[in-house]
Amino acid sequence: LAAMAEEDPRIVTITAAMPSGTGLNHFQDKHPTRMMDVGIAEEHAVTMAAGLAAGGMKPYFAVYASFFQRSFDQLIHDVCMPNLNVTLLLDRAGLVGEDGETHHGVWDLASTLPAPNLTVLAPRDIGELWVMLRWSQHHDGPCVIRYGKNSVDLSSRYPNEASFVPGKWDTLEPGEDCTLLAVGSMVETAIAVRDMLAIQGIQARLVNCASVKPMDETVLREIASGPVFTLEEHVRTGGFGAAVCSFYAKEKLPAPAQCFALPDAFITHGSRVQLLDDCGLSAQKIAGEIVKTLQHK
């Protein structure tokens with residue numbers, strides 16, 4: 001963002017008492033007059049961003065995904081309804097480990113996907129996040145980018161595209177036996193799942209679904225004839241898998257074979273690796289469930 005602001009005088013950033021937690025302290029060092037800290041007032045931050053956008057600025061509000069929940073009403077009424085040029089950066093989306101159940105960011109898709117005019121994105125790694133930020137600079141309209149607490153770099157195996165197109169998904173690996181539709185942080189898990197399935201002779205197509213809204217409807221129609229599995233670090237209700245199910249129901253196509261997501265429960269504290277395993281979202285448990293499902297079919 002600091003580099004983007006060098007070339008774009010419209011860019012300003014907002015934080016809600018989390019400059020170092022969200023990384024905006026680096027932006028503040030470079031552009032001290034263009035970063036505003038509103039304190040613990042997320043509702044005010046979103047409405048302030050709307051006002052700045054209405055005045056021709058390009059505001060970015062960086063906030064923990066769990067704290068974004070407080071500003072849901074402002075997102076709908078003040079940003080999406082007037083279709084303003086505001087970008088929300090939802091940090092720590094998904095499970096956050098030892099920070100505990102109050103800080104897990106696992107309800108943001110359920111609250112953002114239904115909002116008209118809103119583009120919802122989830123990068124697979126730090127490189128794709130950078131490409132998305134560059135894309136957002138020239139996007140005119142509300143946008144949400146959700147990303148996890150851990151920095152992941154998958155570029156050594158899958159080089160990042162030079163540009164990003166919303167509504168288009170990237171097929172990372174081909175496969176004829178089933179399809180894995182993975183969102184954000186779960187792409188790394190899906191890579192391990194695919195490798196485990198390959199050992200058992202199952203060739204899975206792996207798709208990076210970085211554009212959660214809009215979805216790639218062309219890909220969804222192409223893969224509907226075979227078993228489809230969705231993977232997300234978000235609650236099942238109202239999440240990505242639910243959106244895929246809704247699309248297939250509308251198109252009168254078969255539903256996904258299984259949607260891997262977090263349960264309808266408050267998740268306690270603990271390491272992210274342990275919590276994912278407890279919730280059935282470790283690579284080993286997902287691969288095992290897929291094998292069982294394919295054998296049953």
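A residue counts as exposed when its relative accessible area is over 50%. The legends below describe close-up views of a predicted model.

**View 1. Pro9, an exposed residue in a loop.** Pro9 sits in the loop between helix H1 (2-7) and strand E1. Its relative accessible area is 65%, so Pro9 is exposed. Leaving aside residues up to four places away in sequence, Pro9 touches Arg34 and Met57. Pro9 and Arg34 are 25 residues apart along the chain, and 9.4 Å separates their C-alpha atoms.

**View 2. Strand E1 beside strand E3.** E1 covers residues 11-15, and E3 covers residues 58-64. The two strands run parallel. Five bridges join them. Within this pairing, Thr13 stands opposite Tyr60 in E3.

**View 3. An open sheet of seven strands.** The strand order is E2-E1-E3-E4-E6-E5-E10. Pairing in this sheet is mixed. Strand E2 (35-37) and strand E10 (211-213) stand at the edges. Each has a single partner strand, so one side of each lacks a neighbour in the sheet. From one strand to the next, the twist averages 20 degrees.

**View 4. Strands E11 and E12, a parallel pair.** E11 spans residues 228-235, and E12 spans residues 258-262. Four bridges link the two strands. Leu231 stands opposite Phe260 in E12. What encloses E12? Four of its five residues are buried, so E12 is largely enclosed by the rest of the structure. Buried here means under 20% relative accessible area.

**View 5. The largest pocket and its centre.** This pocket holds about 720 Å³ of space. Its lining is made up of 34 residues. Which of them lie closest to the centre? They are Ile126, Leu129, Tyr147, Gly148 and Ser151.

**View 6. The lining of the largest pocket, by element and by class.** Helix H3 (24-30), strand E4 (87-91), helix H8 (126-138) and helix H12 (272-278) each give two or more residues to the lining. Which element gives the most? H8 does, with four residues. Sorted by class, the lining has 17 nonpolar residues.

Key:
Residues are numbered from 1 along each chain as its sequence is written. This is a predicted model: local features need pLDDT of at least 70, side-chain atom pairs count only at pLDDT 80 or more; totals for chains, interfaces and linings use all residues. Side-chain values use heavy atoms; hydrogens and water are left out. On a 1 Å grid over the protein atoms alone, a cavity is a set of points where a 1.4 Å probe fits but cannot get out, and a pocket is an open set with protein on both sides within 12 Å along at least five of seven lines; lining residues have an atom within 4 Å of a point. Grid points are joined across faces, edges and corners, and a volume is the space filled by probe spheres set on the points. Ala, Val, Leu, Ile, Met, Phe, Trp, Tyr, Cys and Pro count as nonpolar, Asp, Glu, Lys and Arg as charged, and the others, Gly among them, as polar. Two strands pair if DSSP finds at least two bridges between them. Axes are lines fitted to C-alpha atoms, for helices over the stretch in contact, and angles run from 0 to 180 degrees between N-to-C directions. Buried means under 20% relative accessible area, exposed over 50%, partly exposed in between (1.4 Å probe, protein chains only). Contact means heavy atoms within 4.5 Å.
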